[in-house]
Amino acid sequence: MNINTFKNDIFGGVTAAIVALPLALAFGVASGAGAIAGLYGAIILGFFASLFGGTSTQISGPTGPMTVITASAIVAFQNDLSAVFTVIFLAGLIQISFGVIKIGQWIKYIPYPVISGFMTGIGLIIIILQINSFLGVESYGSVIQTIVELPQTIKNSNSQSFFIALLTLIIMFFTPKKVSKYIPPALIALVFVTLLTVVLNLSISTIGEIPMGLPELTLPFSFDILQLSTIITLAITLALLGSIDSLLTSLVADSMTKTKHKPNKELIAQGIGNSLCSFFGAIPGAGATMRTVINIKSGGTTRVSGIVHSLTLLLIVLVLAPFASSIPLAVLSGILIKVGFDILDYKFIRLINKVSRQDLLIMITVVLLTVFVDLIMAVGVGITFASIIAIYKVSKNTKIKTIYPKKNIGFDIDIEDKSTKIIKIKGSLFFGTASILDRRIDKVRERTKTIILDCLEVSVLDLSAIFMLQEVITKLNSRDIEVILLLGIGNKKRIIKLDENNIFGNIKIFNKIDDAVNAIQENNYKKALV
């Protein structure tokens with residue numbers, strides 16, 4: 001590393017820390033664990049994810065999606081933070097296991113409508129859950145309760161909080177690009193509006209005292225065994241969400257720096273960071289897209305920038321913590337509402353009239369499930385829907401047709417021999433198309449004596465299809481119809497290996513159509529002699 005690179009990394013890290021400060025405070029408060037939990041989440045995760053990570057320019061810390069799940073855990077385990085930090089610890093271990101078994105490269109196969117719906121849903125959750133703080137009323141942990149109680153919330157709103165939050169939101173949305181290029185709007189809002197609140201001596205809720213010094217070590221293993229299923233469910237949700245969030249940010253970093261990240265190494269680093277967060281009362285996080293982009297644009301090129309980002313935040317906590325106690329919650333709600341709007345997937349929304357109905361259905365379904373039901377269910381249902389649609393599309397491309405042997409198509413079989421049929425399969429023969437073959441076999445007439453199942457152009461042959469072939473052969477043999485199977489050498493070895501009942505061993509299997517034709521002719525010749 002040369003001196004210029006080092007200087008750029010320091011500048012990028014410090015800039016990223018300035019951007020991260022108000023967001024870490026806001027996410028900490030929004031999670032229910034407190035502002036200091038957000039700050040130490042950014043410090044601990046940011047440091048270890050940069051130190052061990054597979055994306056050199058990535059800045060990690062608390063993010064909107066991870067904060068939503070953490071808030072859900074805190075609501076689920078009221079007055080039991082030990083159980084919450086057990087969730088965070090297990091989530092980190094699961095992320096490490098994802099990296100060890102090299103699951104990182106599979107994240108990219110999640111369909112875009114699922115990711116779009118999920119991120120849009122997360123954005124809506126953040127916006128909805130900040131409505132109460134925006135209006136100066138005590139917040140609820142439930143989206144549905146927040147919506148149901150909205151009329152009463154408006155009735156009990158605090159005009160001073162509303163003014164402060166609205167001013168924050170205006171700064172967040174309308175800060176000129178010439179200014180925001182050098183000073184993050186969130187930092188402008190945090191400093192300016194907080195000072196205004198102090199000068200005007202407004203009576204509104206603030207963050208409260210933030211402890212100075214290093215965090216105390218806590219052990220996250222004390223919980224009621226009856227809570228284990230809920231703990232594991234939330235941990236898996238956090239791990240999946242953190243992994244997806246981080247690797248998507250890694251892809252953004254790759255596109256900006258023209259480099260290639262190491263997904264499994266990144267997951268292990270994220271898991272280490274999140275596990276360690278649980279020992280210090282910090283909330284978990286993931287690769288943060290906005291902070292990563294700021295780091296890159298500010299000159300950060302190596303993992304040093306991420307480490308500098310964490311050390312800068314630690315210095316701020318040790319020196320400036322007393323000043324943060326005066327920050328109004330309304331300011332943080334205004335910042336978070338802007339974050340929520342930023343998370344919404346405008347790329348998909350702009351194309352909403354042009355995308356297919358299937359993609360739109362998946363996206364809307366995932367949004368609704370994310371907001372009103374459960375995040376892990378939303379992803380699961382979305383992937384299931386997308387998979388079913390993909391299977392349907394693949395099955396439509398699989399062609400199964402019945403051919404009568406004729407000289408003009410290259411089969412040297414007696415034209416008058418109507419007792420022989422060829423069923424040619426082209427494409428994928430799997431659980432989604434195997435039933436089509438079964439229905440085609442049911443249409444075979446009794447006068448047919450020989451059927452050639454031509455699978456030479458089958459690109460995919462899964463276990464369901466192999467079992468279906470066994471059933472088809474058994475069914476045809478019971479009707480005194482001889483079956484000849486055409487298979488590639490690889491597929492032939494596979495089906496014989498799985499053939500416990502020796503069904504395939506009792507029929508003729510060739511890898512050339514000529515061999516099948518010769519076998520039929522030889523058989524017909526023997527019958528003629530008899």
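A salt bridge here is a side-chain nitrogen of Lys or Arg within 4 Å of a carboxyl oxygen of Asp or Glu. Please keep in mind that what you are looking at is a predicted model. By that rule the count comes to 5 salt bridges.

Start with lysine 424. Its side chain meets that of aspartate 454 in a salt bridge, with N to O at 3.1 Å. Lysine 424 lies in strand 4, residues 420-429, and aspartate 454 in strand 5, residues 450-461, so the pair ties together parts that are 30 residues apart in sequence. Is aspartate 454 buried or exposed? At 5% relative accessibility, aspartate 454 counts as buried, because the cut-off for buried is under 20%.

Lysine 424 also forms a salt bridge with glutamate 457, and here the closest N and O atoms are 3.0 Å apart. This pair, too, links distant parts of the chain: lysine 424 is in strand 4 and glutamate 457 in strand 5, 33 residues apart. Glutamate 457 has a relative accessibility of 37%, so this residue counts as partly exposed.

Which residues end up in one network? Lys424, Lys426, Asp454 and Glu457 do, joined by salt bridges that share partners.

Now a salt bridge inside a helix. The side chains of aspartate 342 and lysine 338 meet at 2.9 Å, N to O. Both residues lie in helix 16, which covers residues 329-343, and they sit 4 residues apart, about one turn of the helix. How do the two partners come out on accessibility? Aspartate 342 is partly exposed, at a relative accessible area of 43%. Lysine 338, at 13%, is buried. The limit between those two classes is 20%.

Ile144, Ile147, Val148, Ile364, Leu368, Phe372, Val373 and Met377 make a nonpolar surface patch of about 710 Å². Which helices each supply at least two of the patch residues? They are helix 7, residues 143-148, and helix 18, residues 357-372.

Take isoleucine 364 as one of the patch members. Isoleucine 364 lies in helix 18 and has 39% relative accessibility, so it counts as partly exposed. Patches are made of residues with over 30% relative accessible area and no salt bridge.

To recap, there is a network of Lys424, Lys426, Asp454 and Glu457, a salt bridge between aspartate 342 and lysine 338 within helix 16, and a nonpolar surface patch of about 710 Å². That's it from me.

Terms used: Residues numbered from 1 in each chain as written. Predicted model: local features only at pLDDT ≥ 70, side-chain atom pairs only at ≥ 80, totals over all residues. Heavy atoms only, no water. Buried < 20%, exposed > 50% of the residue type's maximum accessible area, 1.4 Å probe, protein only. Patch = residues over 30% accessible without salt bridge, like charges linked within 9 Å, V, L, I, M, F, W, Y side chains within 5 Å. Areas by Shrake-Rupley, 256 points an atom, 1.4 Å probe, with all protein chains shown as cover.
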